[in-house]
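Morning, everyone. I have one structure to go through today, and I will start with a question once it is on the screen.

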Amino acid sequence: MISSSSVTGLFSTHRVCPINSEGQINQCFGREAGRSDDQLHDPWLLTIDRKRQIVFVAEYENKWVTMLYYNMTYIGHVKTSENFELCFRVFVDWKTDRLYVADWHNVGKSRLLIISPALSMIGQL
């Protein structure tokens, strides 16, 4: 799985693409940068929840985490009681099924949001 952001002409392409065992890309999610349900804006990092077959994509500029199925079908965004400032790291703990999102909150202050398997926020550090 790769994520990419590149400038080409007037638009930039922002997408996530799975790579098969032969190194080929079959399909991608995303297009030019944006905020609609079929767009990403600076897909920064991603993590995969193998149990639920979900790809979590941290979007730097959109300040949210997008959820996709393995086949690159859009699911939605991770909802929290607080907005992300700049989510720049995501990690799934397979033992607890929790999603961890590192968020750069304000200038120089970081926080770690802990998301439950039901995708609701259960705490922050």
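Which residue does the side chain of D97 meet in a salt bridge? The partner is K51, with N to O at 3.0 Å. Keep in mind that this is a predicted model.

The pair links distant parts of the chain, 46 residues apart. D97 sits in the loop between β8 (87-93) and β9 (98-105), and K51 sits in the loop between β4 (43-49) and β5 (54-59). As for accessibility, D97 has a relative accessible area of 15%, so D97 counts as buried. K51 has 63%, so K51 counts as exposed.

Next, the network. Salt bridges that share partners join R31, E32 and D38. R31 meets E32 at 2.3 Å, N to O. R31 also forms a salt bridge with D38, where the closest N and O atoms are 3.0 Å apart. On accessibility, R31 is partly exposed at 31%, E32 is partly exposed at 28%, and D38 is partly exposed at 36%. The structure holds four salt bridges, and I have shown you some of them, including D97 with K51.

Now the chain as a whole. Among contacts with a separation of 6 or more, 29% are between residues 24 or more positions apart. The accessible surface is about 7,200 Å², and carbon and sulfur atoms account for 53% of that.

Technical notes. Residues are numbered from 1 along each chain as its sequence is written. This is a predicted model: local features need pLDDT of at least 70, side-chain atom pairs count only at pLDDT 80 or more; totals for chains, interfaces and linings use all residues. Side-chain values use heavy atoms; hydrogens and water are left out. Contact means heavy atoms within 4.5 Å. Accessible areas come from the Shrake-Rupley method with a 1.4 Å probe; for residues, only the protein chains shown count as cover. Buried means under 20% relative accessible area, exposed over 50%, partly exposed in between (1.4 Å probe, protein chains only). Helices (H or I, at least four residues) and strands (E, at least two) are DSSP runs, numbered from the N terminus.
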